[in-house]
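Colleague: Could you take me through this structure feature by feature, giving the general idea where there is one and then the case at hand?

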Amino acid sequence: MREARIGEVVAAVARQALADWGVRRIALLDDASPEAALAGRFLERLGPEVLVRVPTSGPGVEPLLHALGRLPEEARVGREVAGLRARLEPDALPAAPDNKTALLLDGALPPEPFLPLGDLWASEVAELAGGWSAPAGVRALAEAAGGIDRLDAALRARVDRRDPTGLDGLPGGVAEEVRRRFALGRASRLAVRLVPKVGSRTLGLDLFE
């Protein structure tokens, strides 16, 4: 039931975005993650002709990776290459499937203007999709915090309830690292992205700190 309600919100925002941008399709970066699968299910509500999946690895990406030469964090580079493909996709609005936890703790927001899961915490994605994903640094933070549920609970206290002590219950130096990462992304959050609002404080609408 909850997935259906959230799906309705995401589809409604996507439908309006298509009208506002004057395009007919959404180019979703697809890294085979639970987030990409969940975002795809939501966006398929608009019709099979609307959703374009842009893989972040595979035959369409490898030649460009080879041309770029050896670079660190190949998965991230593949994501950037796929983002370029999405931006060049004709008559399409680029979208990234990242969850809110990853977006808040992984530095600058992705360049794609539409973040269909940008107001869903990683733990919420896990409930809806059976798993969650994030860059390695965020995954390590979740493990150090005692699990993604515990990390998200602290973040929700800090972000949604605006409690400055919300992170204090995290162990060791985890709270300080979360604060550092949260602060690093602030400048990027001032540049608005399109995020369907399902929570109390949402990226691109009212979460600029």
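Colleague: Which residues is Pro110 in contact with, leaving aside its neighbours within four places in sequence?

Modeller: This is a predicted model, and in it Pro110, leaving those neighbours aside, is in contact with Arg79, Ala96, Asp98, Leu103, Leu115 and Arg193. Pro110 has its place in the loop between H5 and H6, and it counts as buried because its relative accessibility is 12%. Pro110 and Leu194 are 84 residues apart in sequence, while their C-alpha atoms are 12 Å apart in space.

Colleague: How many residues apart in sequence are Asp20 and Glu80, and how far apart are they in space?

Modeller: Asp20 and Glu80 are separated by 60 residues in sequence and by 25 Å in space, C-alpha to C-alpha. Asp20 is found in helix H1, where it is exposed, with a relative accessible area of 58%.

Colleague: Let us turn to helix packing. What describes two packed helices?

Modeller: Two packed helices are described by the angle between their axes and by the distance between those axes. Here helix H1, residues 2-21, packs with helix H2, residues 34-43, at an angle of about 70° and with the axes 8 Å apart. That angle makes H1 roughly perpendicular to H2, and H1 passes H2 in a right-handed crossing.

Colleague: Which residues of H1 and H2 meet?

Modeller: From H1 come Glu3, Ile6, Gly7, Val10, Ala11 and Ala14, and these meet Leu38, Arg41, Phe42 and Leu43 in H2. By class, this contact of H1 with H2 has seven nonpolar, one polar and two charged residues.

Colleague: And what are the angle and the distance between the axes for H2 and H6?

Modeller: H2 packs with helix H6, residues 122-129, at an angle of about 70°, with the axes 10 Å apart. The two helices H2 and H6 are therefore roughly perpendicular to each other, and H2 passes H6 in a left-handed crossing. Pro34, Glu35, Leu38 and Arg41 in H2 meet Val125, Leu128 and Ala129 in H6, a contact with five nonpolar, no polar and two charged residues by class.

Colleague: Which residues of H6 are buried, and what covers them?

Modeller: In H6, Ala122, Ser123, Glu124, Val125 and Leu128 are buried, and what covers the buried residues of H6 includes H1, H2, H5 and H8. H6 is followed by Gly130, which has a positive phi near 80°.

Colleague: At what angle do H7 and H8 pack, and how far apart are their axes?

Modeller: H7 and H8 pack at an angle of about 95°, with their axes 7 Å apart, which makes H7 roughly perpendicular to H8. Leu141, Ala142 and Ala145 of H7 make the contact with Ile148, Arg150 and Leu151 of H8, and by class it has five nonpolar, no polar and one charged residues.

Colleague: Which residues of the largest nonpolar core touch the most other members?

Modeller: Of the 28 residues in that core, Leu104, Leu105, Leu151, Leu170 and Val178 touch the most other members. Helix H5 (100-105), helix H7 (136-145), helix H8 (148-159) and helix H9 (174-184) each supply at least two residues of this core, and its largest share, five residues, comes from H8. Leaving aside neighbours within four places in sequence, Leu170 is in contact with Ala145, Arg150, Leu151, Ala154, Ala175 and Val178. There is also a second, separate core of 23 residues, which includes Ala14, Leu18, Leu28 and Leu43.

How values were computed
Residues numbered from 1 in each chain as written. Predicted model: local features only at pLDDT ≥ 70, side-chain atom pairs only at ≥ 80, totals over all residues. Heavy atoms only, no water. Axes fitted to C-alpha atoms, helices over the stretch in contact; angles between N-to-C directions. Helix = DSSP H or I, 4+ residues; strand = E, 2+ residues; numbered from the N terminus. Parallel < 35°, antiparallel > 145°, perpendicular 65-115°, else oblique. Left-handed = near helix turned anticlockwise from the far one by under 90°. Contact = heavy atoms within 4.5 Å. Nonpolar A, V, L, I, M, F, W, Y, C, P; charged D, E, K, R; others polar. Core = buried A, V, L, I, M, F, W, Y, C linked by side-chain atoms within 4.5 Å. Buried < 20%, exposed > 50% of the residue type's maximum accessible area, 1.4 Å probe, protein only.
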